[in-house]
2 protein chains.
Amino acid sequence: MIENVLSSPKSSWISGNGPNHNIVLSSRIRLARNLDKYPMNAFQTENSGQEVLDRIEKAVDEFKLQGPEQLYIYRMHELSAMQRQILFEKHLISREHMEDNPNKALLLNQDESVSIMVNEEDHLRIQVLLPGLQLEKAWEEADRIDDLLESQLEYAFHEEKGYLTCCPTNVGTGLRASVMIHLPGLVATKQASRIFSTLGQLGLVVRGLYGEGTEATGYLFQISNQVTLGLKETEIIQNLTAVTKQIIDKEEEVRKLLLNETPLQTKDRVGRAYGILKNAAIINSQEALSLLSEIRLGADLGILKTDVSTEKLNEIMIAAQPGFLQNNAGKHMDTLERDAARAELFNKML
Amino acid sequence: MIENVLSSPKSSWISGNGPNHNIVLSSRIRLARNLDKYPMNAFQTENSGQEVLDRIEKAVDEFKLQGPEQLYIYRMHELSAMQRQILFEKHLISREHMEDNPNKALLLNQDESVSIMVNEEDHLRIQVLLPGLQLEKAWEEADRIDDLLESQLEYAFHEEKGYLTCCPTNVGTGLRASVMIHLPGLVATKQASRIFSTLGQLGLVVRGLYGEGTEATGYLFQISNQVTLGLKETEIIQNLTAVTKQIIDKEEEVRKLLLNETPLQTKDRVGRAYGILKNAAIINSQEALSLLSEIRLGADLGILKTDVSTEKLNEIMIAAQPGFLQNNAGKHMDTLERDAARAELFNKML
């Protein structure tokens, strides 16, 4: 099972089958939960961490999910650094969870839509990742898994505050809802930053591709709720969904304008990106993301030379990352080797 | 006849059949001559200019060259501005000769290897332009034409000074020998400027693609003799040929190094250039020359995806210029239209 996870860039969200997949790559729900009577991870000893992991593993065994729903467990210290890197590149674990630590583990279902980090910042981080804009569906799925876990485990819960978490910003619902959104039109017309600055007032925050503290690259942004306390889960999700839909409308409008008002310039940026990805011999990851963004735009506008599906674009984006490239080559590679392997990948796959 | 000249970018030198054509695009000999008893052009009246033109036309009629050698006459004021522009882009006339002036004319043979400007700076500017490095052959041809003209015309000649010319820098032999040379290797390894700075001491000078005062673009340079007085024609030609051969050796050595020591980087620059020329929708003339240079390098090193002959590269280079693009489209085009037409040309022809 782990071999499949590591050898293929495909996860459920990659398929690109979700609503508005031309603009929203994926929707993610993450629930932070902690077990009652065990110290929070910030105060954890090695033993208490081990007990938490054992307790959770036992609980998962109890509710015996079968078939595609079955949750497989991967202990971080049993994986190589490269394998952990790949899980990170697939958005299945966080950067912090890549640590070689016997208490850290990942529970993963078959299509990789459900991933549960054990002993990340909180004892449990339940994640559901789906293609396109479908936060509600992701929430329902996360809620179901959460209920199952809660049927076996006692959560740290406070009558007034709600779910208790390691970091106070997660207290309450423990819910983080986010969308990965592609906005080349709004960036090109310099409207993105103005829109983003208003999101704060709506309790939302914009981040880069790999979460907190990372730079947005290639016109890809992650929008999520800032506030977890004082709102119901469904309110948080409805709020983010409504705002995302407004941004989608705006982006679609601008894309049409780009094609109708400046067709040559738009075809030019898309054509150049395609030409370079198809013919360069060295491409670094930053450039790859930028150029892929142009291709994504071109595919949506129907001005790309060849037909490239959203699924293929998502797949290439993940496959072009350092861990994947090295795993594919079956060896450690230095920067130049990776940049060359990445270029080869694009030359072939586009 | 003029239709062929204007509609096709091909001239004799375009064929790329000459020696060292992978590095030397063309060899040019130019002889400056003036008729005795007529005022130099700087002091010319409209009538005296007309008489000079009549006298030369009559002389050319006299020696009745037939077949491919026949010289056709084109009067500048009978051509449109666009047609004159095209003659300039084909290196058949100088920028100064593009003027709408009844006294200015061009004599041109069938394969366009011989072009004689009448009433440019001097009464006669005899040019022979051949592919590759063959200055000697070009000189023989120019000398033969010069003898023919001299059999009918009395040249302004001074026993000690030699041929008298309008500008003192041409006095003596009146000979300017030049090669158009492509040096991407020496430029990339930053050796070009060092080499160029030593050429002055050898009585040679380096210029851009379209002669005096123009910038070198796309690693293309024009090297010619500075001194016309005090040396025999054959000495001037042997000197320039010898120096050019040394530069060719150096450039070939560097190209091999580029391919062997930094193969990825070399394939990358060539691949990107190809990808852009093949897929962009807007390309300005400066960028076109730079990218074509990379393609030329790639073709020589055998690392280009498709087979492109030197002839084709020369042809595209000329066809991509403003006059040609507009003549082809049969209409005046603004900058954006030209840049789009140029991109289309590359998309198709490569």
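User: How much area do chain A and chain B bury between them?
Analyst: In this predicted model, chain A and chain B bury about 1600 Å² between them, with 58% of it on carbon and sulfur atoms. Buried area is the accessible area (1.4 Å probe) that two parts lose on being put together, summed over both. On the chain A side, A:Leu264, A:Arg272 and A:Asn279 lose the most area to chain B, together 36% of what that side buries.

User: And how many residues of each chain are in contact?
Analyst: The contact involves 19 residues of chain A and 19 residues of chain B, where contact means heavy atoms within 4.5 Å.

User: How many salt bridges cross that interface?
Analyst: The rule finds 2 salt bridges across the interface of chain A and chain B. A salt bridge is a side-chain nitrogen of Lys or Arg within 4 Å of a carboxyl oxygen of Asp or Glu. A:Arg272 forms a salt bridge with B:Glu287, and their closest N and O atoms are 2.8 Å apart.

User: Which residues of helix 8 in chain A meet helix 8 of chain B?
Analyst: A:Gly271, A:Arg272, A:Tyr274, A:Gly275, A:Ile276 and A:Asn279 meet B:Gly271, B:Arg272, B:Tyr274, B:Gly275, B:Ile276 and B:Asn279.

User: Changing topic: how is chain A divided?
Analyst: Chain A has domain 1 (2–255) and domain 2 (262–349), with bounds from an automatic or database domain assignment. The C-alpha centres of the two domains of chain A lie 26 Å apart. Their contact takes 29 residues from domain 1 and 25 residues from domain 2.

User: What area is buried there?
Analyst: About 2400 Å² is buried between domain 1 and domain 2 of chain A, of which carbon and sulfur atoms give 63%. There are 3 salt bridges between these domains.

User: What conventions apply?
Analyst: Residues are numbered from 1 along each chain as its sequence is written, and chains are lettered from A in the order in which they are written. Local features need pLDDT of at least 70, side-chain atom pairs count only at pLDDT 80 or more, totals for chains, interfaces and linings use all residues, and side-chain values use heavy atoms, leaving out hydrogens and water.

Note on methods:
Helices (H or I, at least four residues) and strands (E, at least two) are DSSP runs, numbered from the N terminus.
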